Amino acid sequence: MEPKDGPMPRWSLGSGSGLRYGSFVNSLSSLTPKPEEKEKEKPAISQRRAYVAVAVLCYINLLNYAERYTIAGVLPNIQKFFDISDSTAALIQTVFISSFLLLAPLFGYLGDRYNRKYIMIGGLSVWLVTAAGSSLVTESHFWLLMLLRAMVGIGEASYSTIAPTIIGDLFVGTRRSAMICLFYIFIPVGSGLGYITGAGVANLTGDWRWALRITPILGVVGLVLLVFLCPNRPRGAAETHGEGVTGQSSYREDVKYLLKNKSYVLSTLGVTATAFLTGALAFWTPTFLSRAQVSQGLRPPCVKEPCNPTDSYIFGAVTVVTGILGACLGSGLSRWFGKKVPNVDPLICAVGLLGSAPCLFVTIFAASTSIPTTYVFIFLAEVLISLNWAVMADILLYIVVPTRRATAEALQISFLHLLGDAGSPYLVGVISDTIHKSKPATHDWSFRSLKYSLLVCPFVGILGGLFFFMTSIYITRDRKAAAQLVEVNVTVTILESPF
């Protein structure tokens, strides 16, 4: 991979310019191309090709999250197959997320300096091989399943870190917001389909391992589409009429820049709380609902795989619908109020998380008496949480300069997984096991121990809402600072490149 992916762009955000973060110097009129030269400029790719590229990236994102939550859709089967407790079962997800977060900074560093398309191709290849290999693990080799799930995280880290930055370089303004919304809609959609396809295939074949083979097969198609249909545009191309910007700063300087950006730091804390909340709920909700119905005597306990997949089907369908509805509603509110309320994006995220907390409380306690009521409040909570998906991603793209976006994405991903969904399923599992051991084991007590452990989720949601409210104080200033740096932070490259 070559560090420079094409001709040297005219625009530069290198550290050698001497501009401090947020400063605004020089006259823009002396630094931009003349009108007659702008007319000669042609976009690097057509709009049609840009939309095709987004479609490919969305398809792969769908598969990424479908594969990630297939495990949750067949979790009762896996627990019976390997004879493992709640906390041990949760380690499957924790190991995956841990490798994901540890390698995200590396891919962020590479993504800001090398060919992003090649990095994604390599990462997806690793993902396909290891995801398929997970389905071949035998009953006595649980450790091998853990190792392969960790390697799946390597492949997904490369894609999740870099893909949003490519979309950011294909579009700008409201169109970019719409494309980012579309991309992030496929997080809940893919997650929901993971539950449905995982449980469905396991029930159809009688073997949960077949559920892990569907997404790698479809992933081969995605890899081919990525090779032939996804461009590698210059960084910052959308903001600079297709020419892009180049960065010459060190990784240490990038990190210092991000740490001084208060909106980035506070929004990352809010995103982390969101990840904690969604990680725990996504992993444990189907199992929680299944145990609730056993506790109420609505169905017999699962003593032999395959277990009843009904809850995974319903929860998967709810996740798909609420994900689409919430993401579209959040993006729409951002566009409608964006001109009147400059800091509306973090306010939307704050309202979503704070509003989901009481819905989650009702969900957890209603499961003891009424499953339909539980599903109603699960629906409301997921809609409110899903308001955040596209908005959170758009915030990062407009408060960080183009040459540092991959690093910003990577560090945010690492932090949100480290303190978010890497530990939340395991923490809930440990609390559940600890409570469960305090009394003789019964099916009702197994349900109640998981119920009490899930109470940590709404409190974390409230904390995340407060972080987003704090973000709203600084975001207008930080957004303007990033735009100014793109416009005027020019190095000697401009002097050496004729307009």
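Buried means under 20% relative accessible area, with exposed meaning over 50% and partly exposed lying in between (1.4 Å probe, protein chains only). The model is predicted, so that local features need pLDDT of at least 70 and side-chain atom pairs count only at pLDDT 80 or more, while totals for chains, interfaces and linings use all residues. Residues are numbered from 1 along each chain as its sequence is written, and side-chain values use heavy atoms, with hydrogens and water left out.

**View 1. Cys-349 and Cys-457, two buried cysteines.** Cys-349 counts as buried because its relative accessibility is 0%, and Cys-457 also counts as buried, because its relative accessibility is 1%. A search of the whole structure finds 0 disulfides, a disulfide being a pair of cysteine sulfur atoms within 2.5 Å. Of the 499 residues of the protein, 59% count as buried.

**View 2. Helix α4 against helix α16.** Helices (H or I, at least four residues) and strands (E, at least two) are DSSP runs, numbered from the N terminus, and the protein has 19 helices and 2 strands. Helix α4 (residues 86–111) packs with helix α16 (residues 424–436) at an angle of about 175°, their axes being 8 Å apart; this makes α4 roughly antiparallel to α16. Axes are lines fitted to C-alpha atoms, for helices over the stretch in contact, and angles run from 0 to 180 degrees between N-to-C directions; those under 35 degrees count as roughly parallel, over 145 as roughly antiparallel, 65 to 115 as roughly perpendicular and the rest as oblique. With contact meaning heavy atoms within 4.5 Å, Asp-86, Ser-87, Ala-90, Leu-91, Gln-93 and Thr-94 in α4 meet Pro-425, Tyr-426, Gly-429, Val-430, Ser-432 and Asp-433 in α16.

View 3. Leaving aside residues up to four places away in sequence, Arg-291 touches Gln-79, Asp-86, Ser-432, Ser-446, Phe-447 and Leu-450. Asp-86 and Ser-432 also belong to the meeting of α4 with α16.

**View 4. Confidence along the protein.** The mean pLDDT of the protein is 80, and 85% of its residues reach 70 or more, pLDDT being the predictor's confidence in each residue, from 0 to 100. Among the elements, helix α1 (residues 35–40) has the lowest mean pLDDT (41), whereas helix α12 (residues 344–366) has the highest (94). Over residues 1–43 pLDDT stays under 50, and the model has 101 contacts beyond four places in sequence for them.
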